[in-house]
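User: Hi! I'd like to talk through the charged pairs and chain contacts in this one. Can you walk me through it?

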Number of protein chains: 6
Amino acid sequence: MKKTAVFPGTFDPFTVGHESIVLRALKLFDSIIIGVGQNTGKKTYLPVNQRVKLIKDVFKDFPQISVTSYEVLTVDFCVNMNAGYLLRGLRTAADFEYERAIAQVNKAMKPDVESVFLLTAPEYTPINSTIVRDILIHGGDASKFLPKKIDIRNYL
Amino acid sequence: MKKTAVFPGTFDPFTVGHESIVLRALKLFDSIIIGVGQNTGKKTYLPVNQRVKLIKDVFKDFPQISVTSYEVLTVDFCVNMNAGYLLRGLRTAADFEYERAIAQVNKAMKPDVESVFLLTAPEYTPINSTIVRDILIHGGDASKFLPKKIDIRNYL
Amino acid sequence: MKKTAVFPGTFDPFTVGHESIVLRALKLFDSIIIGVGQNTGKKTYLPVNQRVKLIKDVFKDFPQISVTSYEVLTVDFCVNMNAGYLLRGLRTAADFEYERAIAQVNKAMKPDVESVFLLTAPEYTPINSTIVRDILIHGGDASKFLPKKIDIRNYL
Amino acid sequence: MKKTAVFPGTFDPFTVGHESIVLRALKLFDSIIIGVGQNTGKKTYLPVNQRVKLIKDVFKDFPQISVTSYEVLTVDFCVNMNAGYLLRGLRTAADFEYERAIAQVNKAMKPDVESVFLLTAPEYTPINSTIVRDILIHGGDASKFLPKKIDIRNYL
Amino acid sequence: MKKTAVFPGTFDPFTVGHESIVLRALKLFDSIIIGVGQNTGKKTYLPVNQRVKLIKDVFKDFPQISVTSYEVLTVDFCVNMNAGYLLRGLRTAADFEYERAIAQVNKAMKPDVESVFLLTAPEYTPINSTIVRDILIHGGDASKFLPKKIDIRNYL
Amino acid sequence: MKKTAVFPGTFDPFTVGHESIVLRALKLFDSIIIGVGQNTGKKTYLPVNQRVKLIKDVFKDFPQISVTSYEVLTVDFCVNMNAGYLLRGLRTAADFEYERAIAQVNKAMKPDVESVFLLTAPEYTPINSTIVRDILIHGGDASKFLPKKIDIRNYL
């Protein structure tokens with residue numbers, strides 16, 4: 001059976017850390033759907049269509065990777081997409097506790113969707129979207145924390 | 001001397017995890033006052049009167065449990081209620097650090113109010129109000145995370 | 001019903017932190033049994049009879065506190081002693097994770113024994129038996145980390 | 001390409017938590033090799049051949065699962081076995097930090113071996129080999145923490 | 001070369017914990033610049049000019065300590081101030097993970113600015129600005145958590 | 001006044017992570033004394049004289065760095081050496097909790113010795129002596145985790 005994973009997130013913005021997890025997961029899954037969450041209540045730095053566009057640009061040479069936004073619960077999105085796996089990266093112990101609660105509740109709701117975790121590479125451990133966004137908002141140069149081919153100014 | 005405990009929280013909403021802590025604490029205390037905090041600045045999913053009503057419905061067969069909302073500092077609420085104990089459940093290490101700071105500051109302010117902690121049962125560890133609320137907001141079925149006799153639609 | 005708690009530990013040695021937890025728990029329980037574990041396989045700094053004697057000396061003015069050594073599983077010791085509560089102090093997040101595993105397994109084995117946790121006071125948070133023992137082994141002065149009335153040289 | 005994972009551990013003893021991780025990983029991998037580490041310097045409760053036999057008995061109906069002991073570095077064992085994945089279960093934040101260090105060092109040594117993590121189910125979170133072993137050593141009944149078909153007395 | 005450190009924060013409000021870190025760092029650095037962040041998007045309890053004034057009042061007898069607000073990225077503020085060090089206090093494990101991410105990203109951006117950490121004294125560990133602010137908002141007495149010479153009513 | 005720091009540890013073996021902390025601390029202190037602890041009760045991989053020799057070889061071009069073994073308590077070693085600072089590297093949250101307890105007890109014993117922490121660089125975060133030693137014991141190649149100029153075979 002084809003193994004499909006959803007890699008969900010807000011990706012505001014998508015970082016080198018996210019990119020690295022997706023690339024390393026490619027050999028484990030037949031296809032990966034990057035799901036860009038639209039927390040309608042929450043104001044984001046980049047609008048959802050620009051976040052989707054940026055990630056599509058990052059992976060335009062990978063036909064087995066698709067990118068789409070979603071508004072439903074993440075596990076429901078997995079079921080809708082016929083994806084049996086939820087892919088997540090783990091950076092820190094604080095991350096872990098948060099991810100564990102989400103994953104265990106998801107499992108209780110949809111036992112057929114299995115959460116699978118990869119570890120962020122050491123050099124990407126400090127990088128998260130909040131910090132990168134903060135640099136961008138203050139006019140700093142965040143290019144070394146963003147995927148190489150991306151110029152963030154094209155998505156603002 | 002009668003042992004009275006306050007079990008404080010926002011309870012937005014009250015979950016099976018909260019219910020389990022209160023039921024297990026019943027043999028330790030003579031009476032338990034469930035204090036529903038009214039963080040006036042913070043928007044909640046359920047209005048405070050509905051949160052109070054829901055919890056009253058859960059424990060309507062337990063005369064030693066009362067439910068009331070409060071606006072003052074939690075330790076001041078304990079003193080006002082003549083409660084010598086602050087009851088809290090602990091789920092995760094992240095919880096613990098947060099609870100420890102609050103409890104130690106409370107102790108510094110009112111040394112006669114002792115914080116007492118019970119551990120959430122393993123099966124309830126991933127359940128917290130934020131996750132349950134998120135399921136409800138997205139139209140998911142959260143009934144297995146809510147007290148058995150509660151139909152959340154009656155409180156919206 | 002009388003509320004009896006077991007406060008278990010190796011207590012090698014018993015510190016001001018342990019003493020503080022027992023004293024604060026006195027109003028919550030009718031009697032406290034301090035159980036000194038005899039991990040027969042493990043070499044200790046103080047022999048078990050001296051650890052028992054030291055703790056008895058600390059609490060000699062408290063008739064509701066008794067001290068005894070035990071070799072069985074801690075939950076079995078509670079059942080043998082007709083104690084419905086297991087009292088533990090929590091210092092750090094690392095402590096918490098360890099204590100949680102033990103308490104949840106104990107609960108699975110003997111559901112009638114409830115683990116109850118108090119928080120160490122901030123000033124005692126860094127003090128644990130390992131550090132105090134290390135000071136003693138190196139000939140340092142650990143008196144400020146030991147109960148006031150205790151001269152450790154009387155128990156070596 | 002066939003996806004082979006090594007699930008390494010000391011398994012002293014193998015618990016329901018370990019069993020659950022392996023069973024859930026079955027759909028992700030084509031074959032799983034359970035590697036039983038022989039830390040020659042460390043005294044174990046069960047000898048290595050009995051640990052291997054016990055696990056073989058647990059999975060005797062699963063042809064895609066094999067069990068073998070090993071003495072080399074875990075990543076070298078993976079390479080020797082042509083396994084591209086290292087499978088591990090995560091229980092707690094403390095686990096996580098330990099596993100992260102090991103996994104990141106393994107990745108630095110053998111970049112082609114990817115560590116993949118599943119989360120322990122909530123009800124198995126408190127169960128680890130140390131606690132189970134401690135129950136067994138004290139003559140307690142650990143059967144609810146061991147795989148259902150296993151009578152530990154057959155392996156002592 | 002003169003050693004100058006920036007001690008950055010929102011300081012809403014400045015607590016005894018902050019004061020203690022600065023005083024202990026005095027012998028390590030030749031001068032300390034307390035940088036009061038103006039997160040323009042975030043509503044604060046005290047306006048930035050009052051936060052600056054309060055801290056100036058605390059340290060008015062220390063010519064080697066200066067206080068100033070800033071709006072740029074913290075590392076850029078350090079570079080602008082010719083400060084080679086970023087001073088931070090660490091209270092808890094949760095603090096640590098947050099501080100580590102910030103510090104490692106700062107190091108990647110400006111390798112010449114070194115983050116240096118002191119540990120909060122045990123008695124100040126539970127005190128943070130959020131808790132103190134919460135006490136003040138609820139009309140409680142937070143004076144024991146604020147620098148001794150400060151009457152908070154003078155800054156509201 | 002001259003600023004002298006002690007950098008204490010077992011260093012069994014000294015890793016690239018340790019080397020990096022010392023090099024980064026050089027500009028903060030006038031001299032650094034690397035103190036190699038002789039836990040007489042504990043069996044080490046490298047004998048203490050070889051651990052001292054290895055570290056001396058690493059820093060032979062740095063006259064402000066000295067290396068010496070010690071058997072007393074670490075804070076007493078600092079006092080004996082007229083060192084006002086204890087330098088430590090922090091890698092993980094687990095590290096942090098351990099280091100905090102030690103540092104706060106040290107501070108209670110010798111208030112004039114200040115513990116100062118630097119953060120390990122992200123790429124060295126997973127590296128600790130236990131893991132490196134384990135690789136060496138199993139005959140693996142640990143050279144990328146050891147200081148560049150060191151061939152470990154010269155010290156066995």
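Analyst: Happy to. Let's start with A:Arg24, which counts as buried, at 18% relative accessibility. Keep in mind that this is a predicted model.

User: Which side chain does A:Arg24 meet in a salt bridge?

Analyst: The partner is D:Glu114, with N to O at 2.6 Å. This pair runs between chains: D:Glu114 sits in strand β5 (residues 114-119) of chain D, and A:Arg24 belongs to helix α1 (residues 16-25) of chain A.

User: And D:Glu114, buried or exposed?

Analyst: D:Glu114 is buried, with a relative accessible area of 4%. The cut-off for buried is under 20%, so A:Arg24 at 18% also falls on the buried side.

User: Why would side chains like that pair up at all?

Analyst: In general, side chains of opposite charge can pair when their charged atoms come close.

User: What about salt bridges inside chain A? What does A:Asp76 pair with?

Analyst: A:Asp76 pairs with A:Lys110, and the N to O distance is 3.8 Å.

User: Which residues are joined into one network by salt bridges that share partners?

Analyst: One such network consists of A:Arg24, D:Lys107 and D:Glu114.

User: How many salt bridges are there over all chains?

Analyst: The count over all chains is 54. Across the interface of chain A and chain D there are 2.

User: Let's stay with that interface. How much area do chain A and chain D bury?

Analyst: About 2300 Å² between them, with 61% of it on carbon and sulfur atoms. Chain A gives 29 residues to the contact and chain D gives 29 residues. There are also 11 residue pairs in polar contact between chain A and chain D.

User: Which elements of chain A give two or more residues to that side?

Analyst: Those are β4, α4 and β5 of chain A. The largest share of this side comes from α4(A), with 8 residues. Sorted by class, the side of chain A that touches chain D has 13 nonpolar, 6 polar and 10 charged residues.

User: Switching to chain D: which residues of helix α2 are buried?

Analyst: In helix α2 (residues 48-58) of chain D, the buried residues are D:Val48, D:Gln50, D:Arg51, D:Val52, D:Leu54, D:Ile55 and D:Val58.

User: And what covers the buried residues of α2(D)?

Analyst: The cover includes α1 (16-25), β2 (31-37) and β3 (65-70) of chain D.

User: Now chain E. Where is E:Asp12 found?

Analyst: E:Asp12 is in the loop between β1 (4-9) and α1 (16-25) of chain E. E:Asp12 is buried, with a relative accessible area of 3%.

User: What does the side chain of E:Asp12 reach?

Analyst: The side chain of E:Asp12 reaches the backbone nitrogen of E:Leu46 at 2.8 Å. The backbone nitrogen of E:Tyr45 also lies 2.8 Å from a polar atom of the E:Asp12 side chain. Leaving aside residues up to four places away in sequence, E:Asp12 touches E:Thr44, E:Tyr45, E:Leu46, E:Arg51, E:Ser129 and E:Arg133.

Note on methods
Residues are numbered from 1 along each chain as its sequence is written. Chains are lettered from A and ligands numbered from 1 in the order in which they are written. This is a predicted model: local features need pLDDT of at least 70, side-chain atom pairs count only at pLDDT 80 or more; totals for chains, interfaces and linings use all residues. Side-chain values use heavy atoms; hydrogens and water are left out. A salt bridge is a side-chain nitrogen of Lys or Arg within 4 Å of a carboxyl oxygen of Asp or Glu. Helices (H or I, at least four residues) and strands (E, at least two) are DSSP runs, numbered from the N terminus. Buried means under 20% relative accessible area, exposed over 50%, partly exposed in between (1.4 Å probe, protein chains only). Contact means heavy atoms within 4.5 Å. Buried area is the accessible area (1.4 Å probe) that two parts lose on being put together, summed over both. A polar contact is a pair of N or O atoms within 3.5 Å; within protein, one must be able to donate a hydrogen and the other to accept it, and residues adjacent in sequence count only if both atoms are side-chain atoms. Ala, Val, Leu, Ile, Met, Phe, Trp, Tyr, Cys and Pro count as nonpolar, Asp, Glu, Lys and Arg as charged, and the others, Gly among them, as polar.
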